[in-house]
Amino acid sequence: MASRKKVLLKVIILGDSGVGKTSLMNQYVAKKFSNQYKATIGADFLTKEVMVDDRLVTMQIWDTAGQERFQSLGVAFYRGADGCVLVFDVTMPNTFRSLDSWRDEFLIQASPRDPENFPFVVIGNKIDLENRAVSARRAQGWCHSKGDIPYFETSAKEAINVEQAFQAVAKNAMAQETDVELCSEFPDPIKLSGDNNKPRDSNCPC
Amino acid sequence: MDARRKYNISFDVLDLKSFKRSAPNHGWAYIIFILKDGTTYPALHFHNGGSKALLKELENFIHIRRSPNDPRLFLVKDHDPEQLSQSINELSLFTDSSGAYVQKFIKSPYTTTLGGFSKVTNFLRDVLMTPEDHHNLVRPQAEVAEILQDDIPGMEISQLDEPGFEMITKTKLPPRPTVKREDPLSSQQWNSFFDNEGHINRVEELKDIIFRGGVDPSIRSEVWKFLLGFYDWDSCSRKRQEQRKRKVDEYFRMKLQWKTISAEQERRFTLLKERRGLIDKDVMRTDRTHKFFAGDKNPNLQVLYDILMTYCMYNFDLGYVQGMSDILSPILVVMENEVDAFWCFAGAMERVCHNFEMDQNGMKVQLSQIHKLMQVQDPELCAYLEAHDSGNFYFCFRWILIVFKREFHFHEIQRLWEVIWTDRPCTNFHLIISLAILESEKSTLLENRFGFTEILKHINDISLSIPLEETLRKAEGIFLQLRDFKKLPNSIKEILGLLPSSDLPASQSMENSMFMGSSLTSSSSSSHQEAGSKVDTPTLMAGGGASASRGLSHSGSGGDLTKAGGAACSTNVARSVGVSARYGGGARQANGSGGGNGGAAGGMDDTHKVFT
């Protein structure tokens, strides 16, 4: 039996309040934008099936509250993350400056096995607005200094580059996933034949 | 919820996990689809029939069976390969609060009965380790033996579930009484409570009516002013006029404080600037679909903004935290007046300010209180949630933070809040409301074998489809069951305010007191006592035990809260104030001069609104 088990990638979106985390998630998953999203309270996620390198992958994208004091509870959702999208608003320099602490906090709380190479992606959102205040060069500089994190400039409102950014995090997360699989100490608990397309009456292996 | 999502349901049939049908003969048929990842769609209504045909069609692709426990719930049969790994997960239970006994159980080789096993361990853990024990897990050997031998309260040994294994399933609460809800307080009724001077007679009776049915929308703005401490319950019309005048002045004084900070100043005032930024963002996304806030450049957005900024000045320690705009919005819609809305908001915040503190301790305490309550009320569901990484009840976070604001429709949240603000039938009733909602979702969670993510998703998605009155009836029923349960642990009584104050250990009463929803003007309670007149308090459900006065302070700084109409809500738990055996004895408050039932609508005299 080939290792064809369904892959689930858990991706966390982090960033200051109001940078557009919920909008990015909804644009990516449901291809829609509304300026009536409410401030996120607690956490929620959406799932989307995507093809990454010819493999069908289910992305579970987590959206959390942006205000700092809610982080102590938000960390419960970081556990088991396969990728992380750091978002700032290109018109608000302070949201860019927060990226450091978002990244650090994530690495502390999620404690991935290889923090140096953890699949991050940075998104500078709201490029449709005119009052831009963080240059692409500055953002790229930061990303470079953190181990060449891929950087994307997006507009959730106008659906610019959103797909690409999430695709990148999925791809990088999958690359890690495969590495892990190869050196996995645990045997796969259950092997399934992939195409579960038809209902079966009683096929229970037990 | 987004309208498009509401009317456009699309999913892969293979992702379908279960669905719920409407009760037969209950109006239009509807179906609620629930997917494997917990996604729960809004009810799909069949105004012209066709639900059966659809399900028949579906049966061509999937096998459906009806839930044995919930006749409305249908489960899609699949051989669920995740089941085994899930039950293995159940073994890694209790990593955060493990005790020696539990560990032994977990490591026991009899792991084949995983489902029942987790129940046993949870049950025993509940019994052997009361919450206080968590830090000090070892009980004297003799004591354990004693507990095991004879008297585990409510332990029931069932041999039905799995042949060959005994299952300890549940504590037995008394049967749930049926509870009735009534009509809302009408304008006529309301007026009849006032005497010639505008005193309210029989305050407790009035609150009982509000608890039982809410308030008619036409008098909401007046009644809420009392519920939220804008006016004292024992005030007369003249005093209320003075109170109001003072509050208007005070509001504008505070508003001027932030209004007069120049841009230049603000550059060196990061904290204020940050708060302004947050408020700016949140005002633009608070209930914009409600007509009161709809449309670009709606002037009410400015009012929302001004009140939140002024609140930062009123309570600078707390400032602005996300969620506050959700608390304010229904209040502003009712008040339609900046000053009134501000003070009522401040009163509402007084009850929930601990939710918003920096360390989030208030939230953590309440989530763990839900856990404690459920251990007694529904050990089975509790064990399930624990076994599925949900024993922290994070999935209730939004419910608690903004008191269900996002879970109900606008008119419903106004009703729910006014019920909660009566402080009936017990302290922390909102936690019991959480239990009631979870009970309604129990079979969906259990029979779909939802795990951490699915539970969270499902709970998020049932927002705006929770039946309010039914939930309130259920919640009150649960309260009555708990209250009448002879072996109700003191820790639970404490959460519900059923302990006489003398029995409260000081350290724990602190934790508990922060959610008392102490009245905004605690100082008034002393005047109640001075007045000393006797009131006949209807014993709606007096829980026994002596009464305790509200506003009992526990520490030197505790008195802070009573100043200036409970001005600053402290950001320090230890400073919280107010322990009362609410509902305990009944004779808590003396109100007005008693007896008289003058029909004068004195309270309505000062309804002139100050629009700014």
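1. Two residues are taken to be in contact if their C-beta atoms, placed from the backbone, lie within 7 Å. On that basis, residues 24 or more positions apart account for 76% of the contacts in chain B with a separation of 6 or more. The structure discussed here is a predicted model.

2. Chain B contains 25 helices and 7 strands. Of its 612 residues, 46% count as buried.

3. Chain A holds 6 helices and 6 strands. Their order along the sequence is β-α-β-β-α-β-α-α-β-α-β-α. This chain has 206 residues, of which 43% count as buried. For contacts in chain A between residues at least 6 apart in sequence, 73% join residues at least 24 apart.

4. Helix α16 of chain B spans residues 361-377, and helix α20 of chain B spans residues 429-447. The two pack at an angle of about 60°, and their axes are 10 Å apart. The angle therefore makes α16(B) oblique to α20(B), since roughly perpendicular begins at 65 degrees. The crossing of α16(B) and α20(B) is right-handed.

5. Which residues of α16(B) and α20(B) meet? From α16(B) come Gln366(B), Gln369(B), Ile370(B), Leu373(B), Met374(B) and Gln377(B). Their counterparts in α20(B) are Leu431(B), Ile432(B), Ser434(B) and Leu435(B). The residues of this contact between α16(B) and α20(B) comprise 6 nonpolar and 4 polar, with no charged residue.

Key:
Residues are numbered from 1 along each chain as its sequence is written. Chains are lettered from A and ligands numbered from 1 in the order in which they are written. This is a predicted model: local features need pLDDT of at least 70, side-chain atom pairs count only at pLDDT 80 or more; totals for chains, interfaces and linings use all residues. Helices (H or I, at least four residues) and strands (E, at least two) are DSSP runs, numbered from the N terminus. A residue is buried if 20 or more other C-beta atoms lie within 10 Å of its own, exposed if 12 or fewer, and partly exposed in between; C-beta atoms are placed from the backbone. Axes are lines fitted to C-alpha atoms, for helices over the stretch in contact, and angles run from 0 to 180 degrees between N-to-C directions. Angles under 35 degrees count as roughly parallel, over 145 as roughly antiparallel, 65 to 115 as roughly perpendicular and the rest as oblique. A crossing is left-handed if the near helix is turned anticlockwise from the far one by less than a right angle, and right-handed if clockwise. Ala, Val, Leu, Ile, Met, Phe, Trp, Tyr, Cys and Pro count as nonpolar, Asp, Glu, Lys and Arg as charged, and the others, Gly among them, as polar.
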